[in-house]
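Please look over the sequence and the structure below before reading on. The paragraphs that follow lead from the division of the chain to the place where its parts meet.

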Amino acid sequence: MDEIVIPLLLWFEENKRDLDWRKNRTPYTILVSEIMLQQTRVEAVRSYYKRFIEALPDFESLAKVDDIKLLKLWEGLGYYSRARNLKKCAIEVVDKYNGIFPNTYAEAIKLPGIGPYTCGAILSMGYQLRYAAVDGNVLRVLSRYTASSLDISLEKTKLYFKQEIEKIMPKEAGTFNESLMELGATICMPKITRCEDCPLRNTCKAYRQHRQLSYPIKAKPKEKKILEYTCLFITDGMNYILIPKEKDLLNGLPSPILIDHFITSNEAIEITQDLGFIVRNIEHLPEKKHIFTHQVWYMKGYKLYVKNLLNYPNYTKEQILEELGISSCFRKFLDDLWN
Ligand code: SF4
């Protein structure tokens, strides 16, 4: 595979996209951008990244930030455990390594939230160490290039390609990793290939076979679990009750009162009354659907007007919109709540 190195580096030099996180490369900015880019598109990350780095420019500021501000900066990106792990990682980098990201694989891989991909990305791009960073883009490019019959959903396949890349890794390790990822993101894309613009087409096996889209081989994912919930938004007309969740549920973000099945409006009133409220009125909100990694939630919603909010934690519309991190699945109801 070593014939891919020079063409890829030359192509990348000419064609790389102008991305904010490529401008001021430090292990910290690489870490933040790579974690944001996991499961989120480049276009969506652009504005979040800028705002995040302006507010928290280094490991020290991230280690000290309070959770509400952190989740607010992350709000909209989803997968909030990534933000929490980022902070945990920053705390450890500050406490154990004086604010400097470690430059050995053995130390870096032990930090919270750092897997083989992120570890390889930071060490190669931040320190030019010869480690591969194998993400979905890289797996796709190499599977096509070698017409590989290996199932890319298996860890052993990732490990195989990681080892293959490290065998041919040039001294410009970070740039090489990036060029592979960039090729996957802009030329050798999941549903379309721009082989006529690809620097690897002369030696690409899938291209020669005219079977580009037959690769990579991937086992079918498990069906997502379908769940039904009812959300009760209890309000006195001004403030709304939101309950903080356990850390392992909805990432600890506040949520409306949540019933784990569909209920009728009469049942919603009864439940609210059982909680001690005097219900004045009820509105049925349009149903919502939210897709998580392994689950699909169908949600009914009711807005219940009550006489007073007793001692339950409650928030104004402004606090909910501007200060509180609220899970994106419930955020879908907000427009209807205030219509
Ligand atoms: S030639 Fe086509 S299939 Fe092969 S790596 Fe390039 S874009 Fe992908």
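How much area is buried between domain 1 and domain 2, and what percentage of it do carbon and sulfur atoms give? The buried area, meaning the accessible area (1.4 Å probe) that two parts lose on being put together, summed over both, is about 860 Å² here, and carbon and sulfur atoms give 47% of it. This is a predicted model, in which local features need pLDDT of at least 70 and side-chain atom pairs count only at pLDDT 80 or more, while totals for chains, interfaces and linings use all residues. Residues are numbered from 1 along each chain as its sequence is written, and side-chain values use heavy atoms, with hydrogens and water left out.

The domain assignment, which is automatic or taken from a database, gives domain 1 as 2-214 and domain 2 as 225-337. Their C-alpha centres lie 37 Å apart, and the contact (heavy atoms within 4.5 Å) takes 9 residues from domain 1 and 12 residues from domain 2.

Across this interface the rule for a salt bridge (a side-chain nitrogen of Lys or Arg within 4 Å of a carboxyl oxygen of Asp or Glu) finds 1 case. The side chains of R331 and E75 meet in a salt bridge, at 3.1 Å from N to O.

On the side of domain 1 that touches domain 2, the elements giving two or more residues are α5 (67-74) and α6 (81-97), these helices being DSSP runs (H or I, at least four residues) numbered from the N terminus. The largest share of that side, 4 residues, comes from α5.
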